[in-house]
Amino acid sequence: MTSLDLSPAPGAQPLPHMVAAHALMETRLLLRNGEQLLLAIAIPLLLLVGGAEAGGLIDLGPGRRIDVLTPGVLALAVLSTSFTSLAIATAFERRYGVLKRLGASPLPRSGLLLGKVASLLVIEAVQLSLIAALALALGWRPSGGVYAVAAVGLLVTLGTSAFAALGLLMAGTLRAEATLAAANLVYVVLLAAGAVVVPLAKYPEWMQPVVAALPSGALAEGLREVTAGAPLGWQRLAVLACWSAGAAAVAVRTFRWE
Amino acid sequence: MTAPAVKVRDLVMRYGATTAVDGLSLTVETGTITAILGPNGAGKTTTMETCEGYRRPHSGTVRVLGLDPLAQHRELSPRVGVMLQSGGAWSAVRAEEMLRYVASLHASPLPFAPLVERLGLGSCGRTPYRRLSGGQQKRLGLAMAVVGRPELVILDEPTAGLDPQARRAAWDLIEQLAASGVTVLLTTHHMEEAERLAAFIYVVDRGRVVSSGSPAELTSSGARNTIRFRAAPGLDTASLAAALPAGCTAHEYAPGAYQVDGPVTPQTLATVTSWCAAQGVMPESLAVERHTLEDVFLQLTGRELRS
């Protein structure tokens with residue numbers, strides 16, 4: 001038997017090291033999960049190809065189809081990762097005692113949250129690159145130049161923050177099975193009725209103010225505007241910031257770790 | 001003498017109307033193995049989880065390595081290795097991957113390969129957590145508790161459901177921890193385990209400490225041991241009881257079968273044999289029965305099953 005020195009030598013790694021280790025762990029687990037990959041990558045890419053080819057099926061309004069479709073698919077990818085995947089994964093971490101066990105580890109709760117955010121951003125970078133590459137191959141011609149790139153970055157960051165706060169709010173209060181059902185339901189409802197793929201202008205007039213106030217509506221509509229060369233509307237940012245702050249404030253009070 | 005590693009004073013914990021822990025006090029001396037023994041629902045896990053900083057005491061104080069487990073959690077967590085009763089890993093994570101992850105949070109973790117070998121985790125290293133057997137999950141939990149080279153480990157039922165070989169490996173590891181200067185606090189249902197490992201045992205029932213001491217103290221002084229012998233039926237047990245030291249009782253439990261209960265010392269035994277000599281009877285099949293920890297446990301916590 002190899003000798004093992006068990007004498008105490010306690011100590012924590014520096015926070016950035018622990019955050020990176022955690023982010024890596026979560027990213028690996030997500031990439032291993034077939035359902036999550038389907039949701040994060042396959043569905044958006046299929047929607048992009050299908051939506052671009054199936055011309056008459058859904059009326060996307062004026063403008064080139066691919067130019068209208070692509071920003072919506074980008075928004076959908078953000079929704080799937082930062083809301084649905086995060087909520088489901090976190091709810092099951094709660095159920096299986098992972099959050100509890102990590103609570104006794106040197107990783108502080110702030111580090112856990114940072115690790116989760118870092119993992120989300122890595123996954124989103126992969127998703128958005130793949131979607132953008134396929135869209136460009138299908139003829140997507142975004143306008144707006146550097147300003148649009150910066151605006152997309154800002155919208156995606158704020159959108160991620162709003163969806164992640166909502167996802168954690170759900171995961172920290174509902175049971176794991178209920179979160180699984182509800183997170184998928186919200187995804188489908190927002191996809192159908194949240195101005196994700198179909199532009200806001202195509203909704204009945206009475207619905208438009210409601211849909212514009214949804215985080216999905218604000219993110220997708222904002223992305224469609226800036227990639228079409230329009231300025232970034234402050235209302236879009238305000239809607240996302242309000243959802244972020246509101247959901248985070250409630251989540252902090254209601255989150256149960258076990 | 002160094003300060004105790006864990007000091008719990010008058011701890012009270014309630015869940016709604018239920019009082020899980022009801023004025024419990026215990027001390028764990030540095031570098032020793034201390035066991036909390038008790039039936040299900042006695043408050044063992046709640047007490048441990050308060051020491052781990054998961055719960056806020058309703059009243060009483062808890063100090064771990066001299067620190068407050070809640071207010072000074074950040075400072076304490078790298079120094080304490082925790083094994084939960086169950087769970088604590090992602091369902092899809094591989095055993096090895098989980099252990100490496102926990103190790104990566106610590107400044108100077110144990111070397112990976114020898115630890116895996118010690119706990120027999122090599123063959124299931126690539127198996128996802130959800131497909132590990134109960135025993136493998138326990139062994140991984142134990143590895144996760146010690147990998148950060150803590151000063152104190154708190155183990156909740158570390159060997160429940162392990163096969164005899166794995167239990168022995170876990171015991172060896174726990175004993176080596178103590179020999180290396182690590183303080184161990186564990187809960188168990190197994191008398192054998194408490195008797196073999198622990199220097200000090202707290203028997204807990206209904207949220208209170210009902211007895212405590214070293215295994216030897218609990219089974220000798222704390223318990224009422226028994227002398228049995230056979231002789232002619234109908235002897236005068238009242239005169240035997242009168243001759244015995246205080247606290248002993250004598251009765252004929254079946255014709256010709258006698259039993260003396262109480263603190264059995266050499267003096268007690270000598271009294272029984274000289275009383276027999278005075279009666280002119282030969283005590284046959286004379287036996288001293290030293291109670292096991294299990295007898296003590298059942299005496300203290302009752303014999304009825306609890307839901």
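Student: Which residue with a positive phi follows H1(B)?

Tutor: That's B:Gly53, with a phi near 85°. Keep in mind that this is a predicted model.

Let's start with the helix itself. The buried ones are B:Lys44, B:Thr46, B:Thr47, B:Met48, B:Glu49, B:Thr50 and B:Cys51.

A network of salt bridges links B:Glu49 with B:Arg55, A:Lys100 and A:Glu258. Within that group, B:Arg55 pairs with A:Glu258, and their closest N and O atoms are 3.4 Å apart. Between chain B and chain A the count is 5 salt bridges, while over all chains it comes to 19.

Now for the interface as a whole. On the chain B side 45 residues are in contact, and they meet 36 residues of chain A. The area buried between the two chains is about 3700 Å², with carbon and sulfur atoms giving 60% of it. In chain B, the residues that lose the most area to chain A are B:Trp90, B:Leu105 and B:Arg149, which together make up 20% of what that side buries.

Next, salt bridges within a chain. In chain A, A:Arg224 pairs with A:Glu221, the closest N and O atoms being 2.8 Å apart. These two are 3 residues apart in helix H9 (residues 215–227) of chain A, which means about one helical turn separates them. Both A:Arg224 and A:Glu221 are buried.

B:Arg79 forms a salt bridge with B:Glu151, with 2.6 Å between the closest N and O atoms. B:Arg79 is in the loop between helix H2 (73–76) and strand E5 (80–83) of chain B, and B:Glu151 is in the loop between helix H5 (134–146) and strand E6 (152–156) of chain B, so the bridge ties together parts 72 residues apart in sequence. B:Arg79 is partly exposed, at a relative accessible area of 23%, and B:Glu151 is also partly exposed, at 23%.

Another chain B bridge runs from B:Arg196 to B:Asp172, where the closest N and O atoms are 3.5 Å apart. Here B:Arg196 lies in helix H7 (residues 191–197) of chain B and B:Asp172 in helix H6 (residues 164–179) of chain B, so parts 24 residues apart in sequence are tied together. Relative accessibility is 32% for B:Arg196, which counts as partly exposed, and 35% for B:Asp172, likewise partly exposed.

Some charges sit over rings instead. The charged end of A:Arg109 is over the ring of A:Trp257, 3.8 Å from its centre, and B:Arg228 lies over the face of B:Tyr253, 5.5 Å from the ring centre. As for rings with rings, there are 5 aromatic pairs over all chains.

Last, the cysteines. There are 0 disulfides over all chains. For B:Cys248, the nearest cysteine sulfur is that of B:Cys276, 14 Å away. B:Cys248 counts as buried at 10% relative accessibility, and B:Cys276 counts as buried at 0%.

Conventions. Residues are numbered from 1 along each chain as its sequence is written. Chains are lettered from A and ligands numbered from 1 in the order in which they are written. This is a predicted model: local features need pLDDT of at least 70, side-chain atom pairs count only at pLDDT 80 or more; totals for chains, interfaces and linings use all residues. Side-chain values use heavy atoms; hydrogens and water are left out. Rings of Phe, Tyr and Trp (its six-membered ring) pair if their centres lie within 6.5 Å; planes under 30 degrees apart count as stacked, over 60 as edge-to-face and the rest as tilted. A charge sits over a ring if NZ of Lys or CZ of Arg is within 6 Å of the ring centre and within 35 degrees of the ring normal. A disulfide is a pair of cysteine sulfur atoms within 2.5 Å. Buried means under 20% relative accessible area, exposed over 50%, partly exposed in between (1.4 Å probe, protein chains only). Helices (H or I, at least four residues) and strands (E, at least two) are DSSP runs, numbered from the N terminus. Contact means heavy atoms within 4.5 Å. Buried area is the accessible area (1.4 Å probe) that two parts lose on being put together, summed over both. A salt bridge is a side-chain nitrogen of Lys or Arg within 4 Å of a carboxyl oxygen of Asp or Glu.
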